[in-house]
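Trainee: I am new to this structure and would like to go through it with you. May we begin once it is on display?

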Amino acid sequence: MWKRKDLLGIKELSADEINQILDQAVPMKDIIKRDIKKVPTLRGKSVINLFYEPSTRTRTSFELAGKYLSADTVNIAVSTSSVVKGETLIDTGKTIDVMGADIVVIRHQASGAPHLLAKHIKAKVINAGDGAHEHPTQALLDLFTIKEAKGAFEGLTVTILGDILHSRVARSNIWGLSKLGAKVRVAGPSTLMPPGIKEWGVEVYHRVEEALEGADVVNVLRLQLERQQKGLFPTIREYARQWGLNARRVALAKPGALVLHPGPMNRGVEISPDVADGLQSLITEQVTNGVAVRMAILYLMSGGGVADVPR
Amino acid sequence: MFLVKGGMLIDPAAGIKAVRDILLQDGRVVEIGEHLEIPEGAEVYDATGKLVTPGLIDVHVHLREPGLEAKETIASGTRAAAMGGFTAVCCMPNTNPVTDSLALVEAVQSIVRRDGAVRVFPIGSITKGSAGQELAEIGDMAQAGVRAVSDDGKPVSRAEIMRLALEYAKMFGVTVISHCEEQSLAGDGVMHYGPMSAMLGLKGIPAAAEEVMVARDIILAEASGARLHIAHISAKGSLELVRAAKARGVKVSCEVTPHHLSLSDEAVSGYSTSTKVNPPLRSLEHITALRQGLADGTIDCIATDHAPHTLEEKAVEFAAAPFGLVGLETAVPLILDMVRNNELDIERAVAALSSNPARIFGLPGGTLRPGSPADLTVIDPDLELVLKPEDLKSQGKNSPFLGMALIGFPVLTMVEGKVVMRDRNLLVD
Amino acid sequence: MKLVEKNQIMDQDAMRRAVTRIAHEIIEKNKGTEGLVLVGIRRRGVPLAVRLQAKINEIEGINLPLGVLDITLYRDDLTTLDHQPVVHRTEVPFGIQGKKVVLVDDVLYTGRTARAALDAIIDLGRPQQIQLAVLVDRGHRELPIRADYVGKNLPTSSKEVVSVRVMEIDQEDRVVLNEISD
């Protein structure tokens, strides 16, 4: 049974809750594949996408997920470079609240912004990525993709490769994979590694070859190119040579290892084009699964999940 | 005449820890003794079962006036001080304008005369406008009674300016208070750099950001022979530097805040902006070191760094909120908690809250020896309260301790013989 | 809320005979099995549809296509329920365009489940006809819906609950009338 008002992060979810979402995403994915991609389930419910950061992929995914379930979806793109400019988040949230929003999906550059919003509004809040904190729906779709391909998580080794320091995708994936029983490795330059990451129960590698050896899944993170300007690594070229995933490196992983990437990709930087488009890549499948997982979340958050109702 | 009867007197400067009666008259302490006779017409305060201390002195508060009255005023801030048992506070110069000249010091002093509920000693700035470029008029300000200068809130980034400030302030017997933060290391961090910041996805301020500048300032103070006071020390490494410097005879002192002693960076986990403070709440390892440093005397003073902000300023995303929390009204229970847990002697606690600040900054009070000012605090060590925002007399409600059960509150605050707070009620209008 | 068993409506033999009769009626009404497909409504419509499929095969020697329909996402009471039912997969692995779909369910009551099932089927394609087969029709319709094939008509009060128990799910075959006691 789904009991949470909000979905703010994977860290606070139990393995049961994660599995509930993954299970509900299976029938949702069937709907996406039908000719008539619409069920009346959330008719009369409104889902507001409140995006303080540009995002095409996640916003469209949430929008379609809502529409396939017949919810009314509205996108609000707040174009501010500064978090202190203009109306406060709480005021914006309260405005949306009294307009009758049922669910607010928020993307924000400040870690913890969804928590602030959730504390002040009645509508349910879904975190669609906050700062360097969490991106729970991305991790859930990654988990769903892995589960579809591999069946289970126990005994799997998943390598997360790249800029762990700034990555909310990495954090959410680490929590989710660990809770479901997979072994997690992280790999990247030490200047892009968060402090104390070893305390999170992951193995830390600074050589990509070692990190890939025997891995079942490689999740490649997007490199934010502006990090280079801040001196966190010398050049994009060196990053690509030291850390980029190419065919030669993929071959070090287990045969048939899966390659994931949350997108959008910097082809030729963190991932080579032949790997991105290769047979082991599930990158396009992730996009489809993203819609299914978000449908499952919207469905669960609009009610819950009990087995049967007496007739 | 006023007689405080039957309380446990803790006066570290006088070496007293015993049940004593204290007789006060005309703003002075007249007599201390066992079972003093009640003089005719004297008002008696029964302090049986309570602690009686020299008036508490907070050497680090932000009263925000002039210029930032939406956050706090001298009236509201000194009332908060009275509730917290403080008879004197030293206010930081980062008002608007910055207190960097004689005229501005006198302006603050005149507002204090009109509105103040307790004694207020203004701290001047080190540099003009606290901009870190040119020295402020430290000599003039010293003549107006300023005992210390600080660019608190901002570090003095240029080492040469700090060297000059120490040399110059020394001539006037003025202590330089340093807010130690190497800005290229602190960056735009908002909490302690470590596993918690990594987990929360918030940018971290490493302990090294403080330690590097503590090292620099100790070296400069040693070279000049000037008096240096390190504000709100928070890192283990800083403490070791101070300990070693003191052992060499460097004229360095330091203070710690109650919140750095009692809260770790885990308090940030709900993104509550009242836990956003600079220096940041550190990890357990640092807290343990700070408690040790206070207990062994390496840390001289407990100061609150009382930093009120408006609700609106704090009701934003964590990264966007201003640093600071209000501490005047919760300091005593937080420190008594350490005493109850046998981590700190009560004498050491009172020394850090009263006699040491008085001695280091040359302020009146700090002891109740006969002849001293009648600045006195009575604390009920068993009084348990759960503070709500409306209970705070400070305009700032940005306290991480609201809603928590705290034990041990001041029940009497007397300034120069005048009772300003009695039984948790303010007696000033 | 507690359910107390009042009496047994059908035993294993009665259920078997009802399924046999419905199978004959389906064949008779549709003049054979041409274009027929069976779709069981989760959960207990599914084993009943499987039994109908086997019975029709026994009679006509034809194995009709069999699908499974989950109507959870089409319910009209989702917003009024505290908690939503778990969604299961709809598995109709054949086209229904132009087919004669026989929906199979255990109990016909208010008609709301049948209504949801009609919507769910129509979202899968445009069948030529939709028919409805139920083991028990207990009355109290709230929508203009009637069954084409009924195993047993059972007058009930609204305080009663009809429970169809099938071997595949409940380890027994029988139909029971329960009463809600407070």
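Trainee: Between which chains are the most contacts found, among the two pairs of chains that touch?

Mentor: This is a predicted model, in which local features need pLDDT of at least 70 and side-chain atom pairs count only at pLDDT 80 or more, while totals for chains, interfaces and linings use all residues. Residues are numbered from 1 along each chain as its sequence is written, chains are lettered from A and ligands numbered from 1 in the order in which they are written, and side-chain values use heavy atoms, with hydrogens and water left out. Contact means heavy atoms within 4.5 Å. Of the two touching pairs, the one with the most contacts is chains A and C.

Trainee: How far apart are the closest C-alpha atoms of chain B and chain C?

Mentor: No contact joins chain B and chain C. Their closest C-alpha atoms are separated by 28 Å.

Trainee: Which helix gives the most to the side of chain A that touches chain B?

Mentor: In this interface, 24 residues of chain A are in contact with 17 residues of chain B. Helices here are DSSP runs (H or I, at least four residues), numbered from the N terminus. On the side of chain A that touches chain B, α3 (89-98), α4 (113-120) and α6 (168-179) of chain A each supply at least two residues. The one that gives the most, with four residues, is α4(A).

Trainee: How many salt bridges are there between chain A and chain B?

Mentor: A salt bridge is a side-chain nitrogen of Lys or Arg within 4 Å of a carboxyl oxygen of Asp or Glu. Over all chains, the whole structure has 54 salt bridges. Between chain A and chain B, the count is zero.

Trainee: How many residues apart in sequence are the parts that A:Lys29 and A:Glu285 tie together?

Mentor: The side chains of A:Lys29 and A:Glu285 form a salt bridge at 2.5 Å, N to O. Because A:Lys29 lies in helix α1 (residues 15-32) of chain A and A:Glu285 in helix α12 (residues 283-301) of chain A, the pair links parts whose separation in sequence is 256 residues.

Trainee: How are α8(B) and α10(B) oriented to each other, roughly parallel or roughly antiparallel?

Mentor: Helix α8 (residues 236-248) of chain B and helix α10 (residues 284-295) of chain B pack at an angle of about 30°, their axes being 8 Å apart. Axes are lines fitted to C-alpha atoms, for helices over the stretch in contact, and angles run from 0 to 180 degrees between N-to-C directions. Angles under 35 degrees count as roughly parallel, over 145 as roughly antiparallel, 65 to 115 as roughly perpendicular and the rest as oblique. The orientation of α8(B) and α10(B) is therefore roughly parallel.
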